[in-house]
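Dear colleague,

Please find the structure below, followed by a short account of what was found in it.

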Amino acid sequence: MNFWVFLSLLWVSLAHQYYNESLEITPLPRNNLLAQFEFEVKSLPQEIKYHENGTESSTTHYTYFPRSVGPLLENSNTRELHLRFTQGWWDAELWGKVPSDGKKSGGTGVELWAIIEAPSSSQALKHWYKLSKSLSGFFCASLNFIDDSITTFPLSSFAEESFKADEANKLFLIRAALPSEPICTENLTPFLKLLPTRGKAGVSSLLDGHKIFDSLWHSMSIDIKTQCVDDVCNYQMDQSIYAIIDVPRCLRKHEEGAIAKPIQGENLRCDTTKDHDIWKCFPLGLPTELNYDLETIFGRPIRGSCFTDEVSPVKVNFKDGWKIDIKEGLNINTLSSDHPIYEIKGTKPVNIDFNISNTTNIPKIEAAPLIVSRSLTGYSQDKGGFRVSFTNTQDNEVKFIYFESLPWFTRLYLNTLRATVDGKEVDFSDYVHLKHYLPAIDRKRPSHMELEVIIPAHKTLILNYKFDKSLLLYAEYPPDANHGFSVEPAVITVFNDSGKLFELRTTSSLITLPTPDFSMPYNVIILTGTVMSLAFGSVVNLLIKDIITEEEYEKLAAQGKLQKLIAKIRFRIKFVVTTIKNIIFNVKSLIASLVRK
Amino acid sequence: MNKLLVFGVILRFIIPTIFPDIPDSLDSLVELSTPINSFGSLKESFFYLSNGINPYNGGINHHSPLLVSFFYNFQQLLGNNMFTIFTNFLYALVDALISLRLVKINNWYHKYNSERRGEKLYKISDDLIVSFYLFNPLMILSTLSHSTLIFSLFFTIESVYQIINGNLPRSMISLSISSYLSLTPIYLIFPILAFAHRLIKVDQLSQIYFHGSAVFITSIGLLLFFSLILTSSAEFIDQCYGTVIRFDKLQPNIGLWWYFFTEMFDFFTPFYLGVFNLFHFIFILPITIRLFEYKSHKTVGDGFLAIFLCYVWLSFTKPYPTIGDLGFSISLMPIFSGTIIPYCKLIHITGIVWLIGLLLSPILYYCWIVLGNGNANFFYSMNLLFGAVHILILIDFLWGKLVSDYCDIHKVPAKDRHTIRLTQY
């Protein structure tokens, strides 16, 4: 009895410590909004040990930490797990820095990296595949397609270790990415299931797949770390969803439905300073006056706070010209007048109204320290290349690691690496240092390149390098072979002496490989076989048949069938006998010479 | 001849020196470069070496370690610009040496066969032999693309030349280097030993076979041993020779293998790999035995023709052929102008088929890969055509030799020799 009282007391007192959630809304130019959902969960302290072949989990109680994830991590000896689901293109010039310094959002598609404890790399890979296969079922993503041909062991780009392994073991950082994976509601549902609120209360109740995945850019991430004090460890899981929401699009969809219709005449926004009547209209730019609420944008209101006695904070970064209607159930935490924090309490649905007189008046956007773009060069299906341009926007030099893993079917020629700075060709070794390069092995290993690059202030460095595109086997092409193959985004990690500052990714690239004709297998086998047997047959005939004149042949042909056959056999025997005789003669002389010796 | 030689060398040296982009752009043509002989991948291996990466642990280098280290050391020694000039010069030099060897072989072949037959045969002039090699557009393109095929060709032809010279060990060493560089010439050991059987005067004939193969195996062993020491791992064997045998690198070329294995169903691939590898050397021994110069008749058989036909067969069934292989057999053909060419009936057809293939194959490849208005079948049809060229050369020369042998055995008078109608039964 005493125990239960104690436990429930512990529960209440620790609740706040074990789960946090928040939503931050930041206006961006062109009537876009950046929504940042953050959820933090911590597990109860427990002991974490290395299990060679998986084990029944010793821990059965995780409180807020998802029951499904704990055993998964323990069985695969995963000490750190990072999973990213991202779609869309982050417009760094318009939107500035990626939220959380890019440390919580991935490149296009799905990205997974983990720190796994194991005695050897082969054992680590075994754990890794166990992990990726389990996660695949868990998140309804194609993570089960992770195999040797896309798995890398990054050296420096992702390193952030907080766990100390057993003395006999080492920690392995393993990474893979699936750039062509579409992100969909089926990935969001398991994501929400991990939350203690299950997406039914608190800010997570805003997350509706239809709205989140309708955004210009969105990223879902899960980061699990093991934090230890002496022998007692606990898992810390950060889940976050970032989305850039196109507000006019949301409003239009809300009013008109999903199918776009032409704008009605009376709704046209014409430039009144110019000539305009019912026939003529010079359209104005985007509206600067907008009224909307959370429900229009996310499709639902916030269903109260996460737990009845908890507070779910919603932070809105706004400037003058933004008026926000506070409704019942909201407390304002007046820490700063520019960034009020609305605290949601109770169980009532909460909606926030935005009445904006000037949408262009937005907080200053933090510029990205580095703008990177990677594009494909070349025009043919058998050769190509990459052109990567890095622009340093800062007043001081920037140092970063460029991590790139290309699939094996791009045969990289790194000796073609050329660099230009501000349009002038330079010796690349002045700016770029090849930290690590592991060439690809066909079907077994991707190429893995890590470059350390230093760019002086306000300079643009452009790297060019070439590759050959390999032909694949007939069965290795996907059903839509001419659609192309995705190449995963490169990862750029900006750092200084004290550590990692900022992370960003290029877009993924779509390369087209040469394709065979898929209707041809039988024809090719037949035609090649024909040419080969033509050669074989004619050479065999020439080599073994006897030669006669045509007159002799006709004489033979005039005879009856039996005589013909006899003559044929006779010729054969004669030919074989002479050949054998010749060979025997030579062998004899060989033997004779041996004997004489 | 000297003028022609100088001109040929200058042509090969000046063009890539003045236009340094030419080797690179030619190296990107599938007709000229394959994964195993492309100069681009050799240069990539320099990059690996200078960055401390093992060039045989994956990647795109399939050149033999000694060749890589030879070029790499020169590149380190000379610097990039001088190295380009050095390679241009080296390739031109090797070509000149090949053409000189061809001249020597031609002279010997004419003398030998004239003596054998006891009549003065028609002899093609040295100038023409040199021109057929040095100004053969296929050989020029092959050299300008800096395909490493040329070294293998040089050592093959050197091996034949050393037999004529009467030096069996040197011949075997050359052949072993040639096989070490590109594997395929290893099959030529049979016709070359049979060739030596007739030409090299030794006390005991067995010496030729025993000494020959012993020297061959020893020198191959030494080469592999040095490579092993150089790379300190055996990975190069898989990368250089395994790639050839297993046909790992699917890249279009002018041979029969690539499209066949692209389209082949997975579970049949190992079987057909076996079949194709068997097919690769299936006629080496039969041709060698059939064209062996038996003592039973003075003029029957032709050891050098056997080598030539085996070479054509190997080039036909190679996993990674280039037009350099075909071009080389075409450069060898004029040597037979006194003996077999008079009996050949298909030369014109061969020439026309060959020209069509040569003209259309880059066009159709461009249609498939760049324009997208053709597909792989277009280019594949040209591969079949190249196959046909090889078959035509093979049967034409073989038949020519058989007719000539028939005429000699049956003592057909000279005036009837070209009108006699023969068939096989």
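This is a predicted model: local features need pLDDT of at least 70, side-chain atom pairs count only at pLDDT 80 or more; totals for chains, interfaces and linings use all residues.

Residues are numbered from 1 along each chain as its sequence is written, and chains are lettered from A and ligands numbered from 1 in the order in which they are written.

Chain A is contacted through 58 of its residues by 57 residues of chain B (contact: C-beta atoms, placed from the backbone, within 7 Å). On the chain B side, H18(B), residues 376-409, gives the largest share, 13 residues. (Helices, H or I with at least four residues, and strands, E with at least two, are DSSP runs numbered from the N terminus.) That side divides into 33 nonpolar, 16 polar and eight charged residues (nonpolar: Ala, Val, Leu, Ile, Met, Phe, Trp, Tyr, Cys and Pro; charged: Asp, Glu, Lys and Arg; polar: the others, Gly among them).

Strand S29 of chain A (residues 547-549) pairs with S1(B) in the antiparallel sense over three bridges (pairing requires at least two DSSP bridges). Within this pairing, A:Ile548 has B:Thr423 as its bridge partner.

Within chain B, helices H15 (residues 303-317) and H16 (residues 323-332) pack with axes 9 Å apart, at an angle of about 160 degrees (axes are lines fitted to C-alpha atoms over the stretch in contact, and angles run from 0 to 180 degrees between N-to-C directions). H15(B) and H16(B) are therefore roughly antiparallel (over 145 degrees). Residues B:Phe308, B:Tyr311, B:Val312 and B:Ser315 of H15(B) meet B:Asp325, B:Leu326, B:Ser329 and B:Leu332 of H16(B).

Yours sincerely

Technical notes: Two residues are in contact if their C-beta atoms, placed from the backbone, lie within 7 Å. Angles under 35 degrees count as roughly parallel, over 145 as roughly antiparallel, 65 to 115 as roughly perpendicular and the rest as oblique.
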